[in-house]
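Open the model in your viewer and keep the selection panel at hand. Each stop below gives you something to select, then tells you what is there.

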Amino acid sequence: MKQITAVIKPFKLEEVREALAEVGVSGLTVTEVKGFGRQKGHTELYRGAEYVVDFLPKVKVEVVVRADDVERCIESIVKAARTGKIGDGKIFVTEVERVVRIRTGEVDESAI
């Protein structure tokens with residue numbers, strides 16, 4: 001099992017959710033986060049004063065899938081989240097050792 005974590009632009013969330021549903025992902029976790037990469041933030045004007053916004057709003061989407069499904073999920077996220085502009089985000093894939101469904105006690109693949 002693998003965990004896919006995608007950090008994307010907030011306005012792309014619904015497209016990514018729909019794309020993952022189309023490839024069979026039945027559940028996901030979404031967190032509003034802030035951060036920056038190569039963008040290094042930007043400057044904004046507020047009441048005539050310029051200030052630097054270091055951390056940009058992003059959305060973190062996390063899903064746990066069977067190892068066989070990772071590539072399909074990554075492809076669907078990239079297709080849905082890409083704008084072609086800086087700040088489109090990143091995808092991280094990590095190993096998941098164990099999953100337990102609290103309600104039923106199911107473990108591992110049967111729990112996802």
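A residue counts as buried when its relative accessible area is under 20%, as exposed when that area is over 50%, and as partly exposed in between. Keep those cut-offs in mind. The model is predicted.

**Colour by confidence**

Start with pLDDT. The chain has a mean of 90. Of its residues, 89% reach 70 or more. Confidence is lowest in strand 3, residues 42–46, where the mean is 64. Strand 1 has the highest confidence, at 98.

**Select helix 1**

Take residues 13–22. Which residues of helix 1 are buried? They are Val 16, Ala 19 and Leu 20. Now look down the helix axis. The buried residues fall within an arc of 100°, so they line one face of helix 1. An α-helix has 3.6 residues a turn, so residues three or four places apart point the same way.

What do the buried residues of helix 1 pack against? Show strand 1 (2–8), strand 5 (56–65) and helix 2 (70–81): these are the packing partners.

Next, pick Glu 14 and Arg 17. Both sit in helix 1, 3 residues apart, about one turn of the helix. Glu 14 is partly exposed because its relative accessible area is 41%. Arg 17, at 37%, is partly exposed too.

Stay in helix 1 for Glu 18. Its relative accessible area is 40%, so Glu 18 counts as partly exposed. Draw a C-alpha to C-alpha distance from Glu 18 to Ala 80. The two are 62 residues apart in sequence and 8.6 Å apart in space.

Step just past the end of helix 1. Gly 24 takes a positive phi there, about 95°.

**Select the core**

In soluble globular proteins, nonpolar side chains tend to be buried together. Here, the largest nonpolar core has 17 residues. Which of them touch the most other members? Select Ile 4, Ile 8, Val 16, Leu 20 and Val 65. Strand 1, helix 1, strand 5 and helix 2 each supply at least two residues of this core. Helix 2 gives the most, with 6 residues.

Now centre on Ile 4. Leave out its neighbours within four places in sequence and list the contacts. Along the chain they include Val 61, Glu 62, Val 63 and Val 65. Further on come Val 70, Cys 73, Ile 74 and Ile 77. Ile 91, Phe 92 and Val 93 are also in contact with Ile 4.

**Select strand 1 and its partners**

Show strand 1 with strand 5. The two pair in the antiparallel sense over 7 bridges. Find Lys 2: it stands opposite Val 65 in strand 5.

**Select Ser 76**

Move to helix 2, where Ser 76 is found. Is Ser 76 buried or exposed? Its relative accessible area is 11%, so Ser 76 is buried. Leaving aside neighbours within four places in sequence, Ser 76 is in contact with Ala 19, Leu 20 and Val 23. Ala 19 and Leu 20 are among the buried residues of helix 1.

**Select the charged pairs**

How many salt bridges does the structure hold? There are 7.

Take Lys 9 and Asp 88. Their side chains meet in a salt bridge at 3.7 Å, N to O. Lys 9 lies in the loop between strand 1 and helix 1, and Asp 88 in the loop between helix 2 and strand 6 (89–95), so the pair ties together parts that are 79 residues apart in sequence. Lys 9 is buried, at a relative accessible area of 16%. Asp 88 is buried as well, at 17%.

Finish with Arg 66 and Asp 69. They form a salt bridge with the closest N and O atoms 3.4 Å apart. Asp 69 is buried, at 15% relative accessibility, whereas Arg 66 is partly exposed, at 35%.

How values were computed: Residues are numbered from 1 along each chain as its sequence is written. This is a predicted model: local features need pLDDT of at least 70, side-chain atom pairs count only at pLDDT 80 or more; totals for chains, interfaces and linings use all residues. Side-chain values use heavy atoms; hydrogens and water are left out. Buried means under 20% relative accessible area, exposed over 50%, partly exposed in between (1.4 Å probe, protein chains only). Helices (H or I, at least four residues) and strands (E, at least two) are DSSP runs, numbered from the N terminus. The arc is that of the directions from the helix axis to the C-beta atoms. Contact means heavy atoms within 4.5 Å. A nonpolar core is a set of buried Ala, Val, Leu, Ile, Met, Phe, Trp, Tyr and Cys residues joined through side-chain atoms within 4.5 Å. A salt bridge is a side-chain nitrogen of Lys or Arg within 4 Å of a carboxyl oxygen of Asp or Glu. pLDDT is the predictor's confidence in each residue, from 0 to 100. Two strands pair if DSSP finds at least two bridges between them.
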